[in-house]
Amino acid sequence: MVFSEISAQRIKVACIGNSVTYGAGIKDRTLNSYPAQLQELLGNKYEVVNFGFSGATMLKNGHKPYWTKKEFKQSQDFLPNIVIIHLGLNDQGNNNWPKYKDEFIDDYLDMISIYKNLPSKPKVIVCKMTPTFSGHHWFEEGMRENFKEIQNKIETISKTAKVDLINLHEPLYRFPEYFPDNLHPTKDGITIIAKKAYGAITGDCNGLKLPKFYGENMVFQRDEPILISGTANANDVITVVLNNQEASTIVAKNANWKITIPAMKAGGPYQFKIQSKLSENITFNTVYIGEVWLASGQSNMDFKVHEMQSAKTILKDSLNSNVFLFSMDPRVLNGRAFTKEDLAFNNTDDYFKYSGWSHSNDAVFENFSAVAYAYAYRLQKELNVPIGIICNAVGGSPTQSWISRESMELTHETINMLNDSWENPLIDSWISQRKSENFGFNKTLNARHPYDPTFLFDTGIEPLKNFNFKGVIWYQGESNAEHVDLHSRLFKMLVKDWRIHFKKLEMPFYYVQLSSIDRRNWGAFRDSQRKLLSINNTGMAVSSDVGHKTDVHPKQKWIIGERLAKVALAKLYNKQITYSGPLLDYVNVINNKLQVHFKHGEGLKTVDDSTIKDIEIAGEDKVFVIADSEIKDDRLLVWSEKIKNPRFVKYGYSSFTKGNLVNIYHLPASTFSNLIE
């Protein structure tokens with residue numbers, strides 16, 4: 001390779017790497033590889049040359065070391081001013097990493113030293129690797145663990161060698177559709193790499209940008225440090241001013257910045273300024289400090305205020321100007337074949353449209369979650385502070401779509417769901433059918449569906465992770481009801497996952513138990529949700545008494561929001577109120593009867609003073625029959641002449657249950673059983 005005299009007058013950039021740098025699989029790679037796109041971005045003052053070699057390893061003892069390739073020598077002869085190294089992907093295989101991993105740091109540092117000592121004394125930049133996705137055939141055979149080790153070592157190398165680091169893992173990790181073979185990015189993915197490299201070289205990262213949910217009338221969490229974050233050009237100085245508190249920071253070379261302001265008491269409105277040395281300043285004139293909650297789930301959480309029972313009265317009389325609403329609404333959600341435009345919205349950056357914060361009687365209020373508004377309304381009345389609530393519920397969405405890829409990649413079961421979201425028997429049939437309808441039954445379509453595992457986390461939760469929520473309210477499960485035990489595992493995974501990403505390991509998580517409807521499995525599903533109360537810092541609102549036999553969207557949503565609010569007020573805000581109906585505690589066997597004890601069973605009775613409905617009993621064979629019963633001293637006695645040695649009891653197990661047990665506060669008993677699965 002011969003370099004022209006003209007190139008000596010330009011800033012020379014050498015791109016060192018493997019097939020991702022080379023542009024393997026990219027149409028017209030000489031025009032569309034990341035070095036080619038980087039050249040286009042940088043312009044004529046720079047000369048960018050692609051020294052990628054497909055299959056290359058950083059390890060000198062690897063199966064195809066970059067060290068022995070002509071590209072390595074050519075890159076040195078080029079006498080670059082800037083060197084970008086992206087190697088490691090081919091080192092993660094079990095043919096390399098287990099035997100030679102202890103040599104990786106030394107080999108990498110050696111390469112950096114060789115480039116630094118060239119006569120041109122180039123600036124060296126190293127890259128955290130682009131993702132390797134779970135569909136790769138070696139993923140569960142060590143590659144998953146090897147990949148993480150290499151990424152950690154690259155961070156160590158960056159610090160040891162005192163060279164800049166480009167994180168190519170993010171945001172590409174949130175765009176699996178850009179990796180059709182689970183390893184090599186498409187042109188769209190390559191464009192992200194080129195922009196990252198451009199920002200690292202020039203410091204130009206499009207100026208001061210704030211998260212999309214910042215705006216007038218926003219609410220920050222009270223009594224906890226306030227984290228403010230965004231992006232800006234490298235080395236910019238950002239200053240934030242809020243309620244007479246001021247703090248500054250220098251923007252990192254990766255464009256990200258964070259500033260923490262000391263905790264504040266509830267109040268407002270305050271002016272909120274974000275000032276930049278290099279970009280235009282941003283000012284919001286009305287910002288509040290109060291309680292901030294996230295409402296999420298599927299269609300029953302998304303169910304609108306204007307659709308709920310007594311909507312006209314609520315819209316007229318129940319507007320609370322100290323409740324601030326922010327809605328993230330899906331751009332695409334329907335039962336027909338997606339158009340080309342629909343498919344374009346099905347990506348991490350574009351799926352949700354943001355309403356802005358509102359506390360007026362407007363379209364945001366009318367179309368906001370009825371459950372979430374009722375919840376926030378009751379909190380505000382009891383706490384007398386501003387309440388902010390963001391809702392990003394998506395109709396029909398299954399639990400797995402809300403869990404991060406980091407968590408889903410940890411177990412074989414959930415990896416199976418990641419790798420096959422079409423007709424996987426672990427995925428409810430309705431979800432598979434809807435995906436097929438939306439995608440025109442085209443299994444070769446390289447796109448993500450809103451219900452695919454991790455999609456809604458990537459587009460709806462990841463962007464919120466630096467915002468401090470007090471807690472979460474959740475109404476979901478209808479799209480996982482075919483797989484009761486699997487849902488329990490997924491729900492536990494989701495709660496843990498969100499707590500980790502929000503950096504609040506005890507974050508309150510309050511959820512709605514599914515209502516009644518004439519669908520298979522709903523009784524067992526409700527009981528499984530009751531058992532999920534074993535998760536620390538959770539609470540559950542029962543809704544079976546306000547269900548509908550045929551309508552999956554019952555309209556009495558204000559009641560559900562109120563019940564969730566009671567959970568929060570009692571468990572989190574220490575209000576002396578009863579927040580739960582009767583919950584199974586334990587069962588004693590007394591002769592031929594079962595004696596059922598409850599938590600929250602004070603004043604146990606039936607809501608209509610009639611006999612207890614939907615209660616069954618069984619012996620060791622678990623063959624259930626309708627039971628006789630009576631209430632005595634807040635305990636439930638259950639028996640049947642057909643069962644001589646009773647052991648098990650079930651209540652409210654009919655999918656559409658007419659169970660009528662309540663406590664003195666008229667809060668309904670949860671579906672329950674003492675079956676041990």
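# Helices and sheet in a predicted model

Reader: Which strands does helix H3 lie across, and at what angle does H3 run to E2?

Author: This is a predicted model, in which local features need pLDDT of at least 70, side-chain atom pairs count only at pLDDT 80 or more, and totals for chains, interfaces and linings use all residues. Residues are numbered from 1 along each chain as its sequence is written, and side-chain values use heavy atoms, with hydrogens and water left out. Helices (H or I, at least four residues) and strands (E, at least two) are DSSP runs numbered from the N terminus, and contact means heavy atoms within 4.5 Å. Helix H3 (residues 34-42) lies across strand E1 (11-17), E2 and strand E3 (82-86), and its angle to E2 is about 175°.

Reader: In what order do the five strands of the open sheet stand?

Author: Strands of a sheet pair through backbone hydrogen bonds, either parallel or antiparallel. Two strands pair if DSSP finds at least two bridges between them. In this open sheet the pairing is parallel, and the order is E2-E1-E3-E4-E5.

Reader: Which are the edge strands?

Author: An edge strand pairs on one side only. That holds for strand E2 (46-52) and strand E5 (164-167).

Reader: Which residue of E5 is the bridge partner of Val126?

Author: Strand E4 (residues 123-128) pairs with E5 in the parallel sense, over four bridges. In E5, the partner of Val126 is Leu165.

Reader: Why are H3 and H8 called oblique to each other?

Author: Axes are lines fitted to C-alpha atoms, for helices over the stretch in contact, and angles run from 0 to 180 degrees between N-to-C directions. Angles under 35 degrees count as roughly parallel, over 145 as roughly antiparallel, 65 to 115 as roughly perpendicular and the rest as oblique. H3 packs on helix H8 (residues 187-202) at about 50°, with the axes 8 Å apart. The pair is therefore oblique.

Reader: How do the residues of the contact of H3 with H8 divide by class?

Author: From H3, residues including Tyr34 and Leu38 meet residues of H8, among them Ile190 and Tyr198. Ala, Val, Leu, Ile, Met, Phe, Trp, Tyr, Cys and Pro count as nonpolar, Asp, Glu, Lys and Arg as charged, and the others, Gly among them, as polar. The contact of H3 with H8 has ten nonpolar, three polar and two charged residues.

Reader: How far apart are the axes of H6 and H7?

Author: H7 lies across E4 and E5, at about 160° to E4. Helix H6 (residues 104-116) packs against helix H7 (residues 143-161) at an angle of about 40°, and their axes are apart by 10 Å.
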